[in-house]
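Hi,

Here is the structure I promised to pass on to you. Have a look at it first, and then read my notes below.

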Amino acid sequence: MPSSIWETKRRHTDALMAMAGVLAVGIGEGPNGHEAIVVSVRRGYEKAAASVPAEIEGHAVVVRVTQEMRAQ
Amino acid sequence: MSIGHYAITAGTLGCLVRRGDQRLILSNNHVLANSNDASLGDAVYQPGPYDGGGSADRIATLEDFVPIQFSEQQADCPTAMGVANILNGMAALLGSRSRLKAVRPQQEDNLVDAALARPVADTDVMDEILDIGQTQGVADGTLGMAVQKSGRTTGHTRGEILQVDVTVDVGYGGDRVARFADQLVAGAMSQGGDSGSAVLDEGKNLVGLLFAGSDDATVINRIQNVFQLLGVSR
C-alpha cells in the first residue's frame with residue numbers, strides 16, 4: 001500500500017530542506033486540486049529548484065518561489 | 001494592540017489565556033521575551049517601546065516562555081572555541097580575512113515562538129480581541145480555511161491557510177535562523193509588528209499564533225502546540 005502524503009512528506013523533509021535555497025516544505029494544494037508536497041525555494045535559487053523532484057513516491061511536488069520568512 | 005518586552009521594538013498582544021485562575025497575555029517569545037534574551041519578571045510595555053512605551057507603560061511582567069532553538073548556536077565547548085581561535089590566528093598570519101566560528105548545530109525543530117506575560121493588574125486587560133471580539137473556542141487549522149487576525153501594524157486582515165504541516169526556516173535578524181515544524185502557512189496577511197497576533201477562523205475559534213512571514217506568506221504556530229507547551233487554556 002502506498003504511503004500517505006503525510007508520511008512521505010515527513011520522511012523526505014530533512015533531505016528536501018538540505019537542498020540549496022529550500023526554505024520550507026509543507027502540504028498544500030497541487031495543480032489538479034489534490035494535496036501536494038509544496039517546496040518553497042528562495043528567490044534567486046530558481047536554478048537549484050530544478051533539482052527538486054516533480055514527484056515523490058507517487059505524490060506530486062510543487063515548487064513555489066518565495067522570499068525568506070522573517071520573524072515579524 | 002501594540003505590546004513588547006522593554007528591550008524590543010513592538011509586537012502584538014495576541015489574546016488572553018488562562019493558567020489555573022490566572023489570566024495571562026499570550027504573544028510570541030520574540031515579542032515578550034526578546035528571543036530568549038530575557039529574565040522572568042522583566043517589564044512588558046503597552047504600547048511597545050517602538051510605539052513610545054516606557055517604564056510608565058508597564059502593563060505586565062514576563063511570566064513564561066518556550067525557548068527558541070536556533071539552528072546554529074554559539075558554541076559553549078572550550079575545545080571547539082580554542083581550535084577555532086588557533087586556526088583563526090594561523091589564517092590571520094597567512095593574510096586571510098576569513099574567520100572560523102565554533103557553533104553547536106541544533107537538531108531539534110521548534111513548534112512555537114510563544115510566551116506569556118502576567119498583567120500588573122487583571123483589570124488592565126480584556127478578553128476581547130480588537131476588531132474581532134470574544135474568542136469562541138479552539139479549532140484545527142486545515143487547508144483552505146479562511147482565517148483572520150488583528151495586529152499592531154496591519155490591523156484586522158483576512159487570509160486563507162494555503163499549507164499545513166510546514167517545516168520552515170525563519171530568520172531572526174543577523175545570522176540567526178530557527179527551524180520550525182508543524183506550522184500553518186497562510187497568504188500575505190501581516191507585516192513586521194503583527195507578530196503575536198492570535199489567528200482565528202470565521203467562527204472566532206482560535207487556530208494559531210502568528211509569528212513570521214514574508215511579502216507573500218504568513219507563518220502561524222498551531223494553537224494546540226502553543227497551549228500544550230505553555231500549559232494554558234482559553
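Let's start where the two chains meet: β5(A) and β12(B) pair in the parallel sense over two bridges. Strands here are DSSP runs of E with at least two residues, helices are runs of H or I with at least four, and both are numbered from the N terminus; two strands pair if DSSP finds at least two bridges between them. In β12(B), B:Gly171 stands opposite A:Arg70.

Before going on, please note that this is a predicted model, where local features need pLDDT of at least 70, side-chain atom pairs count only at pLDDT 80 or more, and totals for chains, interfaces and linings use all residues. Residues are numbered from 1 along each chain as its sequence is written, while chains are lettered from A and ligands numbered from 1 in the order in which they are written.

How many residues of chain A are in contact with chain B? There are 19, and they meet 29 residues of chain B (contact means C-beta atoms, placed from the backbone, within 7 Å). On chain A's side, α1, β1 and β5 (69–71) each give two or more residues, and β1(A) gives the most, with seven.

Now to helix α1 (residues 5–17) of chain A. A:Ile5, A:Lys9 and A:Thr13 are its buried residues (buried: 20 or more other C-beta atoms within 10 Å of a residue's own; exposed: 12 or fewer; partly exposed: in between). What covers them includes β1 (22–29), β2 (35–42) and β4 (59–66) of chain A, together with β12 (155–171) of chain B.

Enjoy exploring!

Notes. Contact = placed C-beta atoms within 7 Å.
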